[in-house]
Amino acid sequence: MKKIYYTPLALTVASVLILTGCFDEVSGPYDGPDRVGFSQYQQTGEFGAAVPDGPNTSVSVPVQLIGPQRSESFSVGVSVQTDTVFRERQVPQGDGTDTTVVDVRADPTTAESGEYTVPSEVSFPQDTSNVTFEVEIGDALPNSDPDTTERVTLRLEPNPDSNIEVAENFRYFEITVAN
């Protein structure tokens with residue numbers, strides 16, 4: 001006759017029940033303010049794209065609505081970031097104090113303004129959560145060294161008329177043009 005030990009099984013079940021009770025339960029639909037942000041680029045899974053230099057190159061830039069779909073269309077602004085954007089954040093030290101750390105949030109555009117075309121806004125049709133817009137890249141690196149790169153950094157702008165904010169973590173999208 002085989003002996004069955006219930007103690008390890010009971011401890012495993014008890015551990016699972018205790019651990020699952022420690023986490024906040026997330027349920028229901030998103031109920032925060034409506035926001036927009038850049039989505040991850042499909043080819044790389046990052047919030048940016050790398051493209052080869054050459055005439056007539058285009059990049060499809062994804063943008064998403066964070067919140068419920070709207071029954072009316074709306075648009076948000078798109079601009080080119082011309083300077084470095086810094087972000088301050090507090091980092092807890094082990095002794096109960098915080099230290100302020102300054103990070104670079106977005107690098108400036110380095111490509112010449114005539115070498116790319118960016119729309120001034122992106123429109124979301126009614127009942128839509130995801131859209132893309134095209135950025136046209138000209139010959140941004142004429143007669144350059146093979147290891148040269150240029151950057152076009154895009155920034156989303158809120159639409160106060162439609163009560164749409166921008167998700168700060170998804171505000172910038174960087175396109176790197178490489179030789």
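Predicted model: local features only at pLDDT ≥ 70, side-chain atom pairs only at ≥ 80, totals over all residues.

Mentor: Glu 165 belongs to strand β11 (residues 165-166) and Arg 35 to strand β1 (residues 35-38), so the pair ties together parts that are 130 residues apart in sequence. Glu 165 counts as partly exposed, at 34% relative accessibility, and Arg 35 also counts as partly exposed, at 24%.

A search of the whole structure finds six salt bridges. Another of them joins the side chains of Asp 103 and Arg 87, at 3.3 Å from N to O. Here Asp 103 lies in strand β6 (residues 98-106) and Arg 87 in strand β5 (residues 85-92), so this pair ties together parts that are 16 residues apart in sequence. Asp 103 has a relative accessible area of 18% and is buried, because the cut-off for buried is under 20%.

Glu 168 forms a salt bridge with Arg 171, and their closest N and O atoms are 3.1 Å apart. In this pair Glu 168 counts as partly exposed at 40% relative accessibility, whereas Arg 171 counts as buried at 9%.

Some of the bridges share partners: Arg 87, Arg 89 and Asp 103 are joined in this way into one network.

How values were computed: Residues numbered from 1 in each chain as written. Heavy atoms only, no water. Salt bridge = Lys/Arg side-chain N within 4 Å of Asp/Glu carboxyl O. Helix = DSSP H or I, 4+ residues; strand = E, 2+ residues; numbered from the N terminus. Buried < 20%, exposed > 50% of the residue type's maximum accessible area, 1.4 Å probe, protein only.
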